[in-house]
Amino acid sequence: MQLGEIIANAFAAGLVIVLVAVTFLIFGAPLWPERNVRMVIIPSVHRMTTTAINKAGPDLPTKFDLTVVRPRPLTSEGA
């Protein structure tokens with residue numbers, strides 16, 4: 001290839017790139033559509049205030065029978 005052909009091909013490629021860019025600038029449409037996403041922020045829910053029963057507190061006994069409780073196992077750290 002001669003130097004003149006290389007320069008002519010470079011100018012032709014540059015002209016094609018400029019024409020495509022101008023076409024997109026005039027019509028304002030990108031090659032792919034923009035993705036519009038709606039962000040939803042879900043706040044944390046407190047279980048005691050959103051229950052469907054009248055008594056919202058946990059159901060715990062008032063007294064514990066310590067005779068049925070098994071002793072805690074001994075470890076080498078506690079001895």
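F27 lies in helix 1, which covers residues 3-27, where helices (H or I, at least four residues) are DSSP runs numbered from the N terminus. This is a predicted model, in which local features need pLDDT of at least 70, side-chain atom pairs count only at pLDDT 80 or more, and totals for chains, interfaces and linings use all residues. Residues are numbered from 1 along each chain as its sequence is written, and side-chain values use heavy atoms, with hydrogens and water left out.

**Helix 1**
- The protein has 1 helix and 0 strands, strands being DSSP runs of E with at least two residues.
- The 25 residues of helix 1 should span 36 Å at 1.5 Å a residue, and this agrees with its end C-alpha atoms, which are 37 Å apart; the expected span is 1.5 Å times one less than the number of residues.
- Just after helix 1, G28 adopts a positive phi of about 70°.

**Exposure**
- F27 counts as exposed because its relative accessibility is 69%, the cut-off for exposed being over 50% and for buried under 20% relative accessible area (1.4 Å probe, protein chains only).
- Of the 79 residues in the protein, 0% are buried.
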